[in-house]
Amino acid sequence: MKKLVLLVVATVVLSAAGTYADEAKAIYDKGCAKCHGADGKGQTKMGQKLAVKDYTDAKVQAAMKDEAMAKAIKEGAKDKEGKTLMKPTEGVTDAEVKGLIALIRGFKK
């Protein structure tokens with residue numbers, strides 16, 4: 001009986017994790033990929049113009065902190081002069097933000 005309960009709980013947890021990953025991928029594809037690229041390298045026309053970071057680079061990944069990433073996703077990013085570089089991602093839940101961060105972390109090679 002315990003094994004059955006554990007199996008059911010594990011299935012529910014993994015199913016939810018898969019759902020969050022799917023939602024994060026959809027959000028990324030819709031709003032982030034145009035600058036950061038589908039592969040996270042930032043080699044899009046807009047990404048090159050804004051000099052976005054290459055998320056596949058291990059050094060870039062090491063320098064990025066999850067809290068700062070979450071803040072940028074929720075609040076956007078501005079340069080030193082206050083010019084908007086990245087608009088906030090409207091209407092995302094904390095779970096979706098965590099999913100986006102996990103997706104971005106997954107670009108590291």
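How many aromatic pairs does the rule count, where rings of Phe, Tyr and Trp (its six-membered ring) pair if their centres lie within 6.5 Å? The count comes to one aromatic pair.

This is a predicted model, in which local features need pLDDT of at least 70 and side-chain atom pairs count only at pLDDT 80 or more, while totals for chains, interfaces and linings use all residues. Residues are numbered from 1 along each chain as its sequence is written, and side-chain values use heavy atoms, with hydrogens and water left out.

**View 1. The aromatic pair of Tyr28 and Phe107.** The ring centres of Tyr28 and Phe107 lie 5.4 Å apart with their planes at 50°, so the pair is tilted (planes under 30 degrees apart count as stacked, over 60 as edge-to-face and the rest as tilted). Tyr28 belongs to helix α1 (residues 2-36) and Phe107 to the segment after α5 (94-105), 79 residues apart, helices being DSSP runs of H or I with at least four residues and strands runs of E with at least two. Both Tyr28 and Phe107 are buried (under 20% relative accessible area, with exposed over 50% and partly exposed in between, for a 1.4 Å probe and protein chains only).

**View 2. The two faces of helix α4 (residues 66-75).** The buried residues of α4 are Met69, Ala70 and Ile73. Seen down the axis of α4, these residues fall within an arc of 100°, so they line one face of the helix, the arc being that of the directions from the helix axis to the C-beta atoms. The face of α4 turned away from that buried side carries the exposed residues Glu67, Lys71 and Glu75.
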